[in-house]
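Here are some notes to read alongside the model. Please keep the structure open while you go through the points.

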Amino acid sequence: MTYGVSLEHTTLPKDPGLRLDPDAREHLVAAVPAGPAVRRLRAEHARDGHGPLTLLEGDEDAVLAALAERLAAAGVGLRLYVAGAEGFVRRAVRVGLDAGLVADEILTEVDAGAARDVWCSHCKAITRGVTTTVAPCAGCGRMLEVFHHFSRRHAAYMGFQVDAEVPGEIPEPEVRWA
Amino acid sequence: MGVTIDVRVAAVRELAPDVRELTLTPLNGTPLPAFSPGSHVVVHVPGERTRRNPYSLACAPWSTDAYRIAVRRLDDGRGGSRAVHEHVGEGDVLAIEPPRNLFAPVVGARRHLLVAGGIGITPFVSYAHQLVADGVPFELHHAPTGGPLADELAALCPGAVHAHAGRDELMAAVEAALDAQPLGTHLSVCGPPAMMEAVCDAARRHGWPGSRVHLERFVLDTGPMDPFAVRLARSGREIAVGEDESLLEALEAAGVDVPYLCRQGICGECRLGLLEGTPDHRDIFLTADERAAGTAIMPCVSRCAGDGPLVLDLA
Ligand code: FES
């Protein structure tokens with residue numbers, strides 16, 4: 001079954017890795033947990049960064065809330081660095097774009113699990129932490145097939161009911177984003 | 001050459017000793033096209049040979065009963081702007097091409113920082129009208145002080161327009177402004193090349209990524225205008241390019257149609273295949289690799305290093 005969504009035409013997020021941008025005059029880091037990528041970034045900052053580097057700490061939701069608050073008062077010249085689990089990274093990028101950052105000002109690295117957030121195209125609910133190609137929707141319970149199509153607006157991958165054409169015909173879920 | 005619109009020069013006003021403003025009105029009462037902020041028109045300037053020069057529209061985007069353009073007299077051998085000063089007077093009829101835009105404000109920008117040098121203020125007249133109408137905040141820094149256009153803008157948006165006496169004062173104000181813009185601000189710059197370079201450099205030093213910086217290259221460094229020859233490979237025709245015309249103008253005068261938009265070496269529209277000869281690239285469109293390859297040329301600004309001929313992939 002296809003939905004006219006082909007791999008070539010989709011916008012999949014790219015993660016350039018956490019590299020310090022030496023031109024920035026302020027560096028804001030949202031990383032849960034703060035792992036090796038953040039240590040590397042701090043070392044780079046100590047060597048050739050100018051302007052302060054701030055690390056937001058806490059659980060994912062706390063960091064996202066703190067991030068939105070910091071960005072509301074921030075000025076052009078800031079770079080946002082995001083690392084952690086795939087779902088968190090996408091949500092933090094969304095917060096950054098909503099605050100007025102441009103894509104060039106956000107550097108990302110997924111270094112804590114590739115589980116995806118999936119947006120149900122039927123009930124619009126978002127199911128977090130999906131690791132398999134087919135998974136139940138947390139909202140409506142439909143079995144969703146996870147597509148290679150990322151919605152920036154929802155900060156999630158698109159999911160479509162897998163047995164829409166032949167009800168009950170559900171392929172074996174395959175673990176792909178552990 | 002595409003459609004042209006005949007307009008009457010309804011008024012001529014001196015904005016500065018070397019800058020003249022023309023008010024252009026439709027001939028038969030049909031409104032002129034509305035345009036987007038930052039648009040320019042290509043004016044067919046009469047003279048010994050017709051020139052086609054781009055000028056920013058310096059009026060509100062919905063000003064369909066009259067366009068205004070400001071023309072600086074340039075004594076660099078390019079006859080177009082001199083011809084406007086010498087040959088165009090009130091009541092004359094000119095042909096213009098419909099507005100085009102290579103400098104539109106970024107959609108979705110939440111605030112604009114605008115920087116203008118000299119006559120580079122012209123595209124920001126339409127910006128200011130639109131931004132005021134849309135309620136989008138902005139600040140405009142320009143130098144030098146004074147001039148009817150600047151006064152008009154200051155009256156239109158009090159508090160948002162900052163005049164500076166000279167280049168140093170302008171740059172000091174820009175450096176301060178670059179550090180004080182909320183996320184979502186975009187920077188647009190128009191003016192002489194050296195000034196634009198200084199602003200770009202300052203923006204980079206203050207942490208502005210290139211995607212937030214937008215340039216209208218108003219006055220290109222043209223360099224000497226030595227004559228040279230071109231050959232059209234497919235027909236074998238030889239065409240001489242004189243010292244007062246561009247390669248594009250020489251081709252047009254010889255009846256060879258080449259598509260164009262900006263006529264300033266920016267947009268890439270006029271790109272021609274180059275088969276032989278050493279070009280003197282003066283555009284800002286081709287990449288370093290393309291220049292090194294020497295297989296393409298932008299005839300609106302680029303010339304030949306030496307007498308030529310340049311052999312063009314044209315009939
Ligand atoms: S017409 Fe735009 S580059 Fe020549």
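1. This is a predicted model. Start with helix H2 of chain A, residues 60-72. H2(A) has 13 residues and reaches 18 Å from its first C-alpha to its last. That is close to the 18 Å expected at 1.5 Å a residue.

2. Which residues of H2(A) are buried? They are A:Val63, A:Leu64, A:Leu67 and A:Leu71. An α-helix has 3.6 residues a turn, so residues three or four places apart point the same way.

3. What do the buried residues of H2(A) pack against? Their partners in chain A are strand S1 (26-32), strand S2 (53-56), strand S3 (78-84) and helix H3 (86-98). The face turned away from the buried side of H2(A) carries the exposed residues A:Asp61, A:Glu69 and A:Ala72.

4. Now move to chain B. An open sheet of five strands there has the order S10-S9-S8-S11-S12, with parallel pairing. Strand S10 (161-163) and strand S12 (213-217) stand at the edges, each with a single partner strand, so one side of each has no neighbour in the sheet. Neighbouring strands of this sheet are turned by 15° against each other on average, direction ignored.

5. Look closely at strand S9 of chain B, residues 138-143. S9(B) is mostly covered: six of its six residues are buried. Both faces are covered. B:Phe138, B:Leu140 and B:His142 lie on one side. B:Glu139, B:His141 and B:Ala143 lie on the other. In a regular strand the side chains alternate between the two faces of the sheet.

6. S9(B) has partners in S8(B) and S10(B). Six bridges join S9(B) to strand S8 (residues 111-117) of chain B, and the two run parallel. Here B:Val115 has B:His141 as its bridge partner. S9(B) and S10(B) also pair in the parallel sense, over three bridges. In that pairing B:His141 stands opposite B:His162 of S10(B).

7. Helix H5 (residues 193-205) of chain B touches S8, S11 and S12 of chain B. The direction of H5(B) makes about 160° with that of S11(B). H2(B) lies across S8, S9 and strand S11 (185-191) of chain B, running at about 155° to S8(B).

8. How are H2(B) and H3(B) placed relative to each other? Helix H2 (residues 122-134) and helix H3 (residues 148-156) of chain B pack at an angle of about 10°, with their axes 11 Å apart. They are therefore roughly parallel to each other. From H2(B), the contacts include B:Phe124, B:Val125 and B:His129. B:Leu149, B:Leu153 and B:Leu156 meet them from H3(B).

9. Next comes strand S5 of chain B, residues 67-72. Five of its six residues are buried, so S5(B) is largely enclosed by the rest of the structure. Strand S2 (residues 19-26) of chain B pairs with S5(B) in the antiparallel sense over six bridges. B:Leu24 stands opposite B:Tyr67 in S5(B).

10. Finish with a further open sheet of five strands in chain B. The order is S14-S13-S19-S15-S17, with mixed pairing. The edge strands are S14 (238-241) and S17 (296-297), each pairing on one side only. Strand S15 (residues 272-276) and S17(B) pair in the antiparallel sense over two bridges. There B:Gly273 stands opposite B:Ala296.

Key:
Residues numbered from 1 in each chain as written. Chains lettered and ligands numbered in written order. Predicted model: local features only at pLDDT ≥ 70, side-chain atom pairs only at ≥ 80, totals over all residues. Heavy atoms only, no water. Pairing = 2+ DSSP bridges. Helix = DSSP H or I, 4+ residues; strand = E, 2+ residues; numbered from the N terminus. Expected span 1.5 Å × (residues − 1). Buried < 20%, exposed > 50% of the residue type's maximum accessible area, 1.4 Å probe, protein only. Contact = heavy atoms within 4.5 Å. Axes fitted to C-alpha atoms, helices over the stretch in contact; angles between N-to-C directions. Parallel < 35°, antiparallel > 145°, perpendicular 65-115°, else oblique.
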